[in-house]
Amino acid sequence: MIDLRSDTVTLPTPAMRDAMYRAEVGDDVYHEDPTINRLQEIAAERLGKEAALFVASGTMGNAAAVLTHAGRGEAVIVGNQSHIYHYEVGGASTIGGSPMVVVSTDDDGMLPLQEVQINISDGSDEHSAPSALLCVENTHNRCGGTVLSVEQLEQLTNLAHTHGLTVHMDGARVFNAAIALAVPVSTIVRTVDSVMFCLSKGLSAPVGSMLVGSQDFIRRAHRMRKLLGGGMRQAGIPAAAGIVALEQMVDRLAEDHETSKQLAHGLADYPLIDINVDRVVTNMVMFSVRNAQQEELSEAKTMQFLEKAREHGVLMGHIGQGKIRAVTHYGIDTGDIASALTGIRRALIEMQV
């Protein structure tokens, strides 16, 4: 089975398994786990920030960031296609009491500057919650792994900072963005106030994410992590895999970008597949299936196609509105992509679309 549902299905490398076995540990709630402390130092240095915090998941990292930046009743501006808005159980509002103000998202993941600006409230209007935080996403999941440029990020952060807002980046796959842009990851996150990135996606660690920012921000985020149940004890064991991820698995992300392009160009050869290969810039491929009359399939038919693909050994994900997502990752090579394309072709034939 060729699993292209997500890069979260990666398995730890042999080096990670060995590092976890040999990890030196302590009680991290007392800040005494040396492996976690080292991971946090490496993450902060790599991103050019003062400090970092190891968290159980990307959702926990984003939630801790929002709770730290925005108080109860303070608004958080998010994109309508953002992961924070769609897939994180409304944590900012549910736990923190911060209303989400939703703005549109361009196809490339950019938030329109004018729309962001008109949705910023300085609190002078008693009918509106004052704005405290702007959340950006890079790479952008629901936009198909698209990458915001350094210039786009600077435009957004300059706008937010001018109006007194802080900026948090959901950078679950920010190292993919760095590889795609061919710049240091520290350059991408230079102007944001905090960033979360995942160790357990393309970097292949079995669990964990990092929250990075200033010393004061991370000090306060520690409290929010505790609130979320994230005070861990001898967590140096998974943290050891995170160190290997940062030291050995970043540059190889370029391989995932190449296999995703191989998949995209292969799919583009199938007349009933609707795909924009120019939008495939990292490790995600978004496409839809049409029938012989070039009409998009219904949601039920799309799910039927995915089931047929599964029967032919290919797993992919459905993100709604007929859109299918395939994600390349560690463990998927060019031969797997060739086999996946064969399986997809057979599924299309059996669907008789």
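**Getting to know the fold**

Me: Leaving aside its neighbours within four places in sequence, which residues is Pro 12 in contact with?
Reply: Contact here means heavy atoms within 4.5 Å. With neighbours within four places set aside, Pro 12 is in contact with Arg 17, Met 20, Ser 204 and Pro 206.

Me: What kind of model is this?
Reply: Residues are numbered from 1 along each chain as its sequence is written, and side-chain values use heavy atoms, with hydrogens and water left out. Local features need pLDDT of at least 70, side-chain atom pairs count only at pLDDT 80 or more, and totals for chains, interfaces and linings use all residues: this is a predicted model.

Me: Back to Pro 12: is it buried or exposed?
Reply: Pro 12 sits in the loop between strand 1 (2-3) and helix 1 (14-22); helices (H or I, at least four residues) and strands (E, at least two) are DSSP runs, numbered from the N terminus. Its C-alpha atom is 9.7 Å from that of Val 244, which is 232 residues away along the chain. The scale calls a residue buried under 20% relative accessible area, exposed over 50% and partly exposed in between (1.4 Å probe, protein chains only). Pro 12 has 14% relative accessibility, so it counts as buried.

Me: And how does His 31 count on that scale?
Reply: His 31 belongs to the loop between helix 1 and helix 2 (34-47). Its phi is near 60 degrees, a positive value in a residue other than glycine. Because its relative accessibility is 48%, His 31 counts as partly exposed.

Me: What relative accessible area does Ala 182 have?
Reply: Ala 182 is in the loop between helix 8 (174-181) and helix 9 (185-188). Although it is not a glycine, Ala 182 has a positive phi of about 60 degrees. This residue is exposed, with a relative accessible area of 69%.

Me: Is the peptide bond from Asn 138 to Thr 139 cis or trans?
Reply: Thr 139 falls in the loop between strand 5 (131-137) and helix 7 (150-162). Omega of the bond from Asn 138 to Thr 139 is near 0 degrees, and the bond is cis.

Me: Which residue in the hairpin turn between strand 12 and strand 13 has a positive phi?
Reply: Strand 12 and strand 13 (residues 323-327) run antiparallel and are joined by three bridges. Gly 320 has Lys 323 as its bridge partner, and Gly 317 has Arg 325. Two residues lie between the strands, and the one with a positive phi, about 55 degrees, is Gln 321.

Me: What is the strand order of the seven-stranded open sheet?
Reply: In this sheet, strand 6 (residues 166-170) and strand 7 (residues 194-198) run parallel, joined by three bridges. One of the bridges partners His 168 with Ser 194. The pairing of the sheet is mixed, and its order is 2-8-7-6-5-3-4.

Me: Which strand gives the most to the lining of the largest pocket?
Reply: On a 1 Å grid over the protein atoms alone, a cavity is a set of points where a 1.4 Å probe fits but cannot get out, and a pocket is an open set with protein on both sides within 12 Å along at least five of seven lines; lining residues have an atom within 4 Å of a point. Of the 20 lining residues, the closest to the centre of the largest pocket are Arg 142, Cys 143, Arg 279, Met 286 and Lys 323. Strand 10 and strand 12 each supply at least two residues. Four residues, the most, come from strand 10.

Me: How many residues does strand 5 supply to the lining of the largest cavity?
Reply: Among the residues lining the largest cavity are His 83, Cys 135, His 140 and Asp 170. Helix 4 (83-87) and strand 5 each supply at least two residues. The largest share comes from strand 5, with three residues.

Me: Which helix gives the most to the lining of the second largest cavity?
Reply: That lining includes Thr 59, Val 66, Glu 88 and Met 100. Helix 3 (58-69) and helix 5 (91-94) each supply at least two residues. Four residues, the most, come from helix 3.

How values were computed:
Two strands pair if DSSP finds at least two bridges between them.
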